[in-house]
Amino acid sequence: MINFEELAQAMGDLDEDTMLKLLDQVTAEGKEAADQAMAACQKGMDTVGELFEQGEYFVGDLIYAGELMTQAAGILKDALAAGESTESTGTKVILCTVKNDLHDIGKNIVKAMMEANGFEVIDLGIDTAPETIVEAVKTHQIKILLLSGVLTLAIDSMKETVDALKAAGLEDVKVLIGGAPVSENARNVTGADEWAQSPQKTIQVCKAWANL
Ligand code: B12
């Protein structure tokens, strides 16, 4: 029986050895355990964030937490995607973290899940300026754009990106915003078409947009 509380605690404590030991058990258990493990890891990251706000952890700890979380996501990736239909949908999407935001772990999880569901994902990386996104949308003739952001500030960059698309005459491109600060209110403010917190909802919405 996997102790997910212990996993959340290990992530919060930045205890790599315990994390690796528990994740090793998870991968032997399959998808449901992987979903629960991912939730536990995120809970651990919330603890890291709280300790950072309280001044107990510093930026170096955030960097290390990011490395641990990346490692965990890499270990869980295949188990999380187990059972998905990997047959190509023939649909290309662009995904990136918006300007002024360097967080990419959530984005990378969404990318892996989209690819596991047969989408071709063009990943523009982090801190992506609206002009870069508009250029890429034109070059690759994209109809679906996924914007990731974890900082509250990211909402401003998402709005700038939607405005830049409209200014370039690309109103027909569907935009989904995702990440911790995103909500229905943020969707309204930014002018995006949809919002999501989970890769699962993103896949559903993208399939509907692509008429799959
Ligand atoms: C690791 C980390 C970092 C690492 C990131 C490394 C990396 N490669 O990403 C580094 C060290 C770079 C970092 C830097 C900073 N960070 Co930081 N960081 C974190 C931490 C601890 C974990 C983030 C994480 O990876 N979580 C796990 C992943 C899986 O969760 P996620 O990113 O939220 O993604 C999930 C969802 O949001 C969603 N999602 C994400 N993207 C998308 C996209 C789509 C399309 C969809 C559908 C869903 C989706 O799906 C994912 C899976 O469920 C968080 C605390 C927290 N509670 O998350 C703080 C946190 C995000 N950071 C914070 C801060 C303040 C900073 C700094 C300003 C610190 C500083 N003083 O320098 C800088 C900012 C740098 C910048 N300009 O971006 C604050 C943000 C506060 C705010 N509301 O704006 C937080 C919340 C910590 C805190 N409580 O204070 N950070």
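A donor is a N, O or S atom within 2.8 Å of the metal. With that in mind, here are the close-up views of this predicted model.

View 1. The only protein donor of the cobalt atom is H103, through its NE2 atom, at 2.3 Å. This distance is within the 2.8 Å limit for a donor. Look for H103 in the loop that runs between β1 (92-97) and α5 (105-116).

**View 2. Residues with positive phi in two loops.** Most residues other than glycine have a negative phi. N100 has a positive value, near 75°, and is not a glycine. N100 is found in the loop between β1 and α5, which also holds H103, the cobalt donor. D127 is likewise not a glycine, and its phi is positive at about 50°. You will find D127 in the loop that links β2 (120-123) to α6 (130-140).

**View 3. The largest pocket.** Rolling a probe the size of a water molecule over the atoms shows where empty space is left. The largest pocket has a volume of about 1400 Å³. Its lining is made of 44 residues, and Q42, I105, G106, V150 and A180 are the closest to the pocket centre. Two or more lining residues come from each of α3 (31-53), α4 (59-80), α5, β3 (144-148), β4 (174-178) and α9 (199-209). Which element gives the most to this lining? That is α3, with 11 residues. By class, the lining has 26 nonpolar, 12 polar and 6 charged residues. Domain 1 (4-80) and domain 2 (92-209) each supply at least three residues to the lining of the largest pocket.

**View 4. The second largest pocket.** For this pocket the volume is about 190 Å³. Its lining has 14 residues, of which A73, K77, N108, I109 and A112 are the closest to the centre. The elements that give two or more residues to this lining are α4 and α5, and α5 gives the most, with 7 residues. Sorted by class, the lining of the second largest pocket has 7 nonpolar, 3 polar and 4 charged residues.

**View 5. The contact between domain 1 and domain 2.** The domain assignment divides the protein chain into domain 1 (4-80) and domain 2 (92-209). Their C-alpha centres lie 25 Å apart. How many residues of each domain are in contact with the other? Here 7 residues of domain 1 are in contact with 4 residues of domain 2. The size of an interface is often given as the accessible area lost when the parts come together. Between domain 1 and domain 2, the buried area is about 440 Å², and carbon and sulfur atoms give 83% of this area. On the domain 1 side, M69, K77 and L80 lose the most area to domain 2, together 51% of what that side buries.

Note on methods: Residues are numbered from 1 along each chain as its sequence is written. This is a predicted model: local features need pLDDT of at least 70, side-chain atom pairs count only at pLDDT 80 or more; totals for chains, interfaces and linings use all residues. Side-chain values use heavy atoms; hydrogens and water are left out. Donors are N, O and S atoms within 2.8 Å of the metal (3.2 Å for Na, K and Ca); water is not among the atoms, so sites may look incomplete. Helices (H or I, at least four residues) and strands (E, at least two) are DSSP runs, numbered from the N terminus. On a 1 Å grid over the protein atoms alone, a cavity is a set of points where a 1.4 Å probe fits but cannot get out, and a pocket is an open set with protein on both sides within 12 Å along at least five of seven lines; lining residues have an atom within 4 Å of a point. Grid points are joined across faces, edges and corners, and a volume is the space filled by probe spheres set on the points. Ala, Val, Leu, Ile, Met, Phe, Trp, Tyr, Cys and Pro count as nonpolar, Asp, Glu, Lys and Arg as charged, and the others, Gly among them, as polar. Domain bounds come from an automatic or database domain assignment. Contact means heavy atoms within 4.5 Å. Buried area is the accessible area (1.4 Å probe) that two parts lose on being put together, summed over both.
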